[in-house]
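Please read it with the sequence and the model at hand.

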Amino acid sequence: MGDPIVFVPGLLCTEALFAPQIVAFADRPIMVANHREHDSIEKIAASILENAPERFTLAGLSMGGYIAMEILREAPHRVGKVALLDTNARPDSADQTERRKFMIKMTRERGFQKVPHLLYPGFVHESREEDADLKAIVVDMANDTGPEGFIHQQTALINRPDARSRLPEITCPALVLVGEGDRLTPLEISEEIHSLIPNSELAVIEGSGHLSTLEEPEKVTNTLRDFLNRP
């Protein structure tokens, strides 16, 4: 048994995002972070640190990766290893911010029901756009997050810091993983993170889009296991 694992989900995602990995690493204590209650990355990170074990392995996907990078800034001594999955160290672009503000406005004025259906195609590999089972999981996670949680998350993402200048300060073992067909945070974004974190390793998951833990769970789990089992 190694350190406890703290999983941090992405936008509109819950513990179901990591369901295959939670089963695979059942021999370790596991915590899935709550990132729905606050509207800034810094506040979310601080809240997670209040509830996390004293020392832990950290794994975050997409928005969870942004939060993981902030946790490493605030408390690097508490993180033994970090896995940054399908994520981005850059701040929000102007276009991204405008899209987020539109989705917030739509949620407030017309309801939340259509939001997960509109976002789903970008979350997955192009070959899985018609995958009804996967879409059902994504929609269920979104509904469990709810409209207020979604607005909090989008607000936090709009105002997130540029983490690139801090990445060279990461000294713990780091894995950067990305789906080969990730359209939200494509390969070059993960290559940038990999290039900035000293001695990190990069893994590309073939056949996967942005939600790699669900799209190719066996490949992701095996990659994580190999990473976590190394000294």
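**Helix contact, sheet and spaces**

Met103, Met106 and Thr107 in α4 meet Val115, Leu118 and Leu119 in α5, where contact means heavy atoms within 4.5 Å. This is a predicted model, in which local features need pLDDT of at least 70 and side-chain atom pairs count only at pLDDT 80 or more, while totals for chains, interfaces and linings use all residues. Residues are numbered from 1 along each chain as its sequence is written, and side-chain values use heavy atoms, with hydrogens and water left out.

**Helices α4 and α5**

- The residues of the contact of α4 with α5 comprise five nonpolar, one polar and no charged; Ala, Val, Leu, Ile, Met, Phe, Trp, Tyr, Cys and Pro count as nonpolar, Asp, Glu, Lys and Arg as charged, and the others, Gly among them, as polar.
- Helix α4 (residues 94-110) and helix α5 (residues 115-123) have axes that come within 11 Å and cross at roughly 155°; axes are lines fitted to C-alpha atoms, for helices over the stretch in contact, and angles run from 0 to 180 degrees between N-to-C directions.
- That crossing makes α4 roughly antiparallel to α5, a term for angles over 145 degrees, whereas those under 35 count as roughly parallel, 65 to 115 as roughly perpendicular and the rest as oblique.
- Helices (H or I, at least four residues) and strands (E, at least two) are DSSP runs, numbered from the N terminus.

**The sheet**

- Six strands, paired in the parallel sense, form an open sheet in the order β2-β1-β3-β4-β5-β6; two strands pair if DSSP finds at least two bridges between them.
- Because β2 (30-32) and β6 (201-205) stand at the edges with a single partner strand each, one side of each is left without a neighbour in the sheet.
- On average, and with direction ignored, neighbouring strands of this sheet are turned by 15° against each other.
- Strand β1 (residues 5-8) pairs with β2 in the parallel sense over three bridges, and phenylalanine 7 has valine 32 in β2 as its bridge partner.

**Pockets**

- The largest pocket holds about 490 Å³ of space; on a 1 Å grid over the protein atoms alone, a pocket is an open set of points with protein on both sides within 12 Å along at least five of seven lines, a cavity is a set where a 1.4 Å probe fits but cannot get out, and lining residues have an atom within 4 Å of a point.
- Grid points are joined across faces, edges and corners, and a volume is the space filled by probe spheres set on the points.
- The largest pocket is lined by 21 residues, of which Leu11, Arg100, Leu119, Phe123 and Leu184 are the closest to its centre.
- Helices α4, α5 and α6 (132-158) are the elements that give two or more residues to the lining of the largest pocket, which divides into 11 nonpolar, seven polar and three charged residues.
- The second largest pocket contains about 180 Å³ of space, and helix α3 (residues 63-74) gives the most to its lining, with three residues.

**Cavities**

- The structure holds two cavities of 30 Å³ or more, and about 60 Å³ of space lies in the largest cavity.
- Residues that line the largest cavity include Ile41, Tyr66, Met69 and Glu70, and the lining has six nonpolar, one polar and four charged residues.
- The second largest cavity, with a volume of about 40 Å³, is lined by Ile5, Phe7, Phe25, Thr57, Ala59, Ala83, Leu224 and Leu228.
- To the lining of the second largest cavity, β1, β3 (56-61) and α9 (217-229) each supply at least two residues.
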